[in-house]
Amino acid sequence: MALEVNGKTLETDDNGNLVDPTAWDEDVARALAAADDTMGELTQEHLDVLKYLREEYFDNNNNQPMERQINKDMGKIWGKK
């Protein structure tokens with residue numbers, strides 16, 4: 001399966017995930033969400049979480065942050081709990 005974003009064709013696997021994760025950007029995230037019938041439109045908070053999780057994963061040897069750390073860090077970014 002392929003996804004067309006801003007004139008570029010991006011390959012996805014059978015689950016709809018990007019084959020090349022470095023091709024991700026906000027426009028790709030919006031296109032992936034639009035292709036998923038269960039997702040609505042992405043808000044800025046959705047994008048904040050997605051960017052945070054990607055950075056944490058790729059910058060920390062493919063380790064995912066724990067939920068408590070995500071909540072604390074998102075609270076700092078948004079200025080609220």
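Student: How many helices and strands does the protein chain have?

Tutor: This is a predicted model. Its protein chain has three helices and two strands. Along the sequence they follow the pattern β-β-α-α-α. The C-alpha atoms fill a box of roughly 35 × 30 × 20 Å along the principal axes.

Student: What makes Thr 12 count as buried or exposed?

Tutor: Set its value against the cut-off. Buried means under 20% relative accessible area. Thr 12 has 6% relative accessibility, so Thr 12 counts as buried.

Student: Where is Thr 12 found, and which residues is Thr 12 in contact with, leaving aside neighbours within four places in sequence?

Tutor: Thr 12 sits in the loop between strand E2 (8–11) and H1. Contact means heavy atoms within 4.5 Å. With those neighbours set aside, Thr 12 is in contact with Met 1, Ala 2, Leu 3, Asn 17, Leu 18 and Val 19.

Student: How much of the protein chain is buried?

Tutor: Of the 81 residues, 23% are buried.

Student: How do you know what span helix H2 should have?

Tutor: Count its residues. H2 covers residues 44–59, which is 16 residues. The expected span is 1.5 Å times one less than the number of residues. For H2 that gives 22 Å, and its end C-alpha atoms are 22 Å apart, so the two agree.

Student: Which residues of H2 are buried, and why are they said to line one face of the helix?

Tutor: The buried residues are Leu 47, Asp 48 and Tyr 52. Seen down the axis of H2, they fall within an arc of 135°, so they line one face. These buried residues pack against helix H1 (26–35) and helix H3 (67–78).

Student: What follows H2?

Tutor: Asn 61 follows, with a positive phi near 55°.

Student: What volume does the largest pocket have, and which residues are closest to its centre?

Tutor: Its volume is about 680 Å³. It is lined by 23 residues, and the closest to its centre are Asn 17, Trp 24, Leu 32, Leu 50 and Arg 54.

Student: Which helix gives the most to the lining of the largest pocket?

Tutor: H2 does, with five residues. H1 and H2 each supply at least two residues of that lining.

Student: What classes of residue make up the lining of the largest pocket?

Tutor: There are 16 nonpolar, five polar and two charged residues. Trp and Leu count as nonpolar, and Arg as charged.

Conventions. Residues numbered from 1 in each chain as written. Predicted model: local features only at pLDDT ≥ 70, side-chain atom pairs only at ≥ 80, totals over all residues. Heavy atoms only, no water. Helix = DSSP H or I, 4+ residues; strand = E, 2+ residues; numbered from the N terminus. Buried < 20%, exposed > 50% of the residue type's maximum accessible area, 1.4 Å probe, protein only. Arc of directions from axis to C-beta. 1 Å grid on protein atoms, 1.4 Å probe; cavity = no way out; pocket = protein on both sides within 12 Å on 5 of 7 lines; lining within 4 Å. Points joined across faces, edges and corners; volume = space filled by probe spheres on them.
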